[in-house]
Amino acid sequence: MRPLPSRVAVVGAGTMGVGIAHVFATSGVPTALVDASSELTDAALARALDLLRRLEAEGNVAQGATQTAEQHLSAAASVADAVRDADLVVEAVVERPDVKAEVYASIEAAAPADAVVATNTSSIPIAGLAAGLRRPERFLGVHWFVPPLLVPCVEVIPAPATAGHVVDHVVDALARLGKTPVVVGDGPGFVANRIQFAMFKEATRIVEDGLAAPEQVDEVVRSSFGFRLPFFGPFTIADMAGLDVYADIFDTLEGGLGEGFAAPRILREHVERGELGVKTGRGFLELSESQADGLIDRRNRAYVALGRLRQELEA
């Protein structure tokens with residue numbers, strides 16, 4: 001197993017930059033924060049440590065996490081100072097390619113030649129950002145989620161030029177930090193935001209159409225399919241429901257809402273082959289009868305446990 005980075009620089013000390021710095025610093029990795037000015041950087045460092053103290057006091061992070069971070073998190077006077085000895089640089093500045101390009105120029109001018117540079121962009125394709133770099137083979141996307149210290153997933157997005165060993169190293173480091181790295185393809189919004197924003201767009205249409213108020217939409221989502229999502233992704237949920245059922249529902253949606261709701265081709269193909277999900281042992285996933293039974297048993301236990309947790313937290 002590869003060692004963790006010996007030194008990390010986080011360039012951009014807003015909400016995401018501070019959160020990403022938390023992950024490394026609380027794991028004992030020397031981490032330098034830097035923002036657009038010394039004043040902003042110093043304020044971000046103070047904010048980062050204050051937030052950790054509150055999380056620790058509330059029992060949301062391990063005891064001693066703040067002390068570890070205080071020993072390993074620092075404010076850098078400039079981008080050059082932050083990245084000079086770093087073997088991993090995480091860029092977390094605003095979602096503007098022109099601003100990011102300026103930051104990358106500063107990073108490449110001062111960072112070691114073998115430093116990995118990662119962008120936390122949540123939507124901009126990585127290939128485009130890599131195009132102007134001198135060392136694109138050491139560049140990739142690492143899309144974290146708010147708050148990075150508590151949310152497991154990190155989307156890892158290689159560009160075409162990214163070296164395979166760089167991807168492997170980053171994935172291994174994230175796993176050792178307790179994260180769930182998932183390597184995905186490069187495209188606008190990647191996976192999470194492409195799905196999340198499609199859902200949000202449809203939610204706003206429902207409000208515009210007068211079907212429900214925002215509060216009602218939120219309650220329906222969190223208490224229906226949102227209730228399942230901590231345990232199962234959309235393909236597992238579809239396989240458990242039955243892909244033939246999904247195809248029939250798409251027909252109804254298309255009839256009432258237009259061709260934008262036509263059943264996806266890949267769903268039709270599964271149904272035509274008789275691959276209907278759990279009830280046939282194969283759908284988007286391939287499950288034996290015993291695996292299918294185990295999945296349903298796990299689903300039932302998980303939903304009961306989550307229901308109790310919600311009651312406890314909302315009491």
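**View 1. How α1 passes α2.** A crossing counts as right-handed if the near helix is turned clockwise from the far one by less than a right angle. By that rule, α1 passes α2 in a right-handed crossing in this predicted model. Two packed helices are described by the angle between their axes and the distance between the axes. Here the axes of α1 (residues 15–26) and α2 (residues 38–57) come within 10 Å and cross at roughly 65 degrees. Zoom in on the side chains and you'll find V18, H22 and T26 of α1 meeting A44, R47, A48, L51 and L52 of α2. Sorted by class, that contact has five nonpolar, two polar and one charged residues.

View 2. Eight strands make up an open sheet with mixed pairing, in the order β3-β2-β1-β4-β5-β6-β7-β8. β3 (73–75) and β8 (180–183) sit at the edges with a single partner strand each, so one side of each has no neighbour in the sheet. From one strand to the next, the twist averages 25 degrees.

View 3. β2 (residues 31–34) pairs with β3 in the parallel sense, over three bridges. Look for T31, whose bridge partner in β3 is L73. Helix α3 (residues 65–72) packs on the sheet here, touching β2 and β3, and its direction makes about 45 degrees with that of β3. Helix α5 (residues 97–110) also packs on the sheet, touching β1 (8–11), β4 (88–91), β5 (116–119) and β6 (139–143). The direction of α5 makes about 160 degrees with that of β4.

**View 4. Inside the nonpolar cores.** The largest nonpolar core has 38 residues, and F24, L33, L73, L88, L140, V142 and W144 have the most contacts inside it. Helix α1 gives the most to this core, with seven residues. Take L88: leaving out residues up to four places away in sequence, L88 touches P5, R7, V8, A9, F24, V116 and A118. Apart from the largest core lies another, of 27 residues, with V79, V93, V117 and I124 among them.

View 5. Most residues other than glycine have a negative phi, and most peptide bonds are trans. V146 and P147, though, are joined by a cis peptide bond, with omega about -15 degrees. P147 lies in the loop between β6 and β7 (153–158). F190 isn't a glycine, yet its phi is positive, near 55 degrees. You'll find F190 in the loop between β8 and α8 (192–208). F190 counts as buried because its relative accessibility is 6%, and the cut-off for buried is under 20%.

How values were computed: Residues numbered from 1 in each chain as written. Predicted model: local features only at pLDDT ≥ 70, side-chain atom pairs only at ≥ 80, totals over all residues. Heavy atoms only, no water. Pairing = 2+ DSSP bridges. Helix = DSSP H or I, 4+ residues; strand = E, 2+ residues; numbered from the N terminus. Axes fitted to C-alpha atoms, helices over the stretch in contact; angles between N-to-C directions. Contact = heavy atoms within 4.5 Å. Nonpolar A, V, L, I, M, F, W, Y, C, P; charged D, E, K, R; others polar. Core = buried A, V, L, I, M, F, W, Y, C linked by side-chain atoms within 4.5 Å. Buried < 20%, exposed > 50% of the residue type's maximum accessible area, 1.4 Å probe, protein only.
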